[in-house]
Amino acid sequence: MSYPEHLTELHGLPVYDFPLPDEEDPQPPEPEMVAWRISYDPYSEESGEMFEGRFERFLTTVDASRVRALIIGQWGETYDDAAGMVVDLLVAAKDRLTSLEAVFIGDLETEEAEISWIEQADLTPVLDAYPGLRELSARGNASLGFPAVKHQNLRRLRFETGGLPGEVVRGVAESDLPALEHLEMWFGVEEYGGNASVGDLAPLLSGGRFPALRHLGLQNSEIQDEIAAAVASAPLLAQLTSLDLSMGVLTDEGASALLDGQPLTHLKRLNLDHNYFSPAMEQRLRDALEPSGVELTMSEKGHEYTHADGDVQRYTAVAE
């Protein structure tokens with residue numbers, strides 16, 4: 001796995017980069033037919049137009065009332081300048097972006113900023129400003145906030161991080177999101193702020209809070225075995241059609257907990273990629289699930305390092 005990478009689509013729409021002032025497209029796409037990416041590289045020799053000016057030019061040169069999907073890339077020195085400015089701009093534009101359905105904040109690759117260096121913000125004002133929003137995603141975990149929120153129409157919520165704060169997990173788990181169908185959270189590692197625990201997931205896993213939820217991704221975790229065991233006994237599991245426990249430190253212990261828990265044969269998809277399974281455990285999983293039609297993914301192995309004293313260190317797919 002190679003993360004993070006620039007998006008190529010959002011909300012089912014191909015990505016289109018909003019051009020620089022001297023690179024205007026003579027035949028721009030229809031506003032509703034693409035996901036518009038707006039970004040500003042403070043290290044390149046551009047026209048002097050900063051992110052705020054670029055965002056305003058976007059709102060005035062594109063029919064903002066028809067825009068459905070918006071991607072925010074680099075907005076400056078993102079390791080120092082928090083995304084609060086981006087959130088404020090989005091909130092201020094709520095009466096212009098009246099058809100907005102999907103937002104992704106922080107579409108940066110490693111060359112632009114390491115994922116755990118991206119200074120995020122409290123994202124819930126975006127939900128408050130856009131009651132019709134269906135999809136909200138963010139990359140980066142520094143200063144990330146998500147206190148419990150109510151929203152009637154959000155269907156997809158995704159956090160890509162190298163260290164997800166526990167208060168964010170608790171905020172999500174305690175939110176009122178009756179339309180939520182897809183939830184994905186990358187837990188990351190403690191070294192980069194990933195202090196969430198299995199206990200933080202309790203309101204979510206107990207079921208009943210998100211009646212429409214069908215896909216759950218609890219990924220990229222140092223405690224992937226504990227998460228797997230909690231999911232295996234969770235009431236929520238029965239309503240899911242897709243489960244993703246990839247990218248973390250998932251070993252035979254976690255896989256065994258999954259097989260010994262509630263039946264998984266109702267799932268359409270189970271992603272256990274980037275794992276640390278033995279060949280025998282891989283075969284057990286295939287024998288138990290594939291005959292029932294479960295699409296099982298577990299081809300990629302995680303990276304591990306054996307120290308001179310014999311101690312084995314294992315790594316998540318994404319950290320710094």
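1. Start with helix H6, where the buried residues are Gln224, Asp225, Ile227, Ala228, Ala230, Val231 and Ala232. Bear in mind throughout that this is a predicted model. H6 spans residues 224–232, and seven of its nine residues are buried, so the helix is largely enclosed by the rest of the structure.

2. What does the covering of those buried H6 residues include? On the strand side there are E8 (182–188), E9 (215–221), E10 (242–244) and E11. Helices contribute too, with H5 (202–205) and H7 both part of the cover.

3. E11 deserves a look of its own. This strand runs over residues 250–251 and holds Thr251. Is Thr251 buried or exposed? Its relative accessible area is 11%, and the cut-off for buried is under 20%, so Thr251 counts as buried.

4. Setting aside neighbours within four places in sequence, the contacts of Thr251 are Asp225, Tyr276, Phe277 and Arg314.

5. H7 (residues 252–260) packs with H8 (residues 279–289), the axes lying 10 Å apart at an angle of about 20°. Angles under 35 degrees count as roughly parallel, which means H7 is roughly parallel to H8. Their crossing is left-handed.

6. Who meets whom there? From H7 come Asp252, Ala255, Ser256, Leu259 and Asp260, and from H8 come Met281, Arg284, Leu285 and Ala288. Sorted by class, this contact has five nonpolar residues, one polar and three charged.

7. The other pair to check is H1 (residues 51–61) with H2 (residues 84–92). Their axes cross at roughly 25° and come within 11 Å. H1 and H2 are therefore roughly parallel to each other. What is the handedness of the crossing of H1 and H2? Here the crossing is right-handed, whereas that of H7 and H8 is left-handed.

8. On the H1 side of that contact sit Phe51, Glu52 and Phe55, which meet Met85, Val86, Leu89 and Leu90 of H2. The residues divide into six nonpolar, no polar and one charged.

Notes: Residues numbered from 1 in each chain as written. Predicted model: local features only at pLDDT ≥ 70, side-chain atom pairs only at ≥ 80, totals over all residues. Heavy atoms only, no water. Axes fitted to C-alpha atoms, helices over the stretch in contact; angles between N-to-C directions. Helix = DSSP H or I, 4+ residues; strand = E, 2+ residues; numbered from the N terminus. Parallel < 35°, antiparallel > 145°, perpendicular 65-115°, else oblique. Left-handed = near helix turned anticlockwise from the far one by under 90°. Contact = heavy atoms within 4.5 Å. Nonpolar A, V, L, I, M, F, W, Y, C, P; charged D, E, K, R; others polar. Buried < 20%, exposed > 50% of the residue type's maximum accessible area, 1.4 Å probe, protein only.
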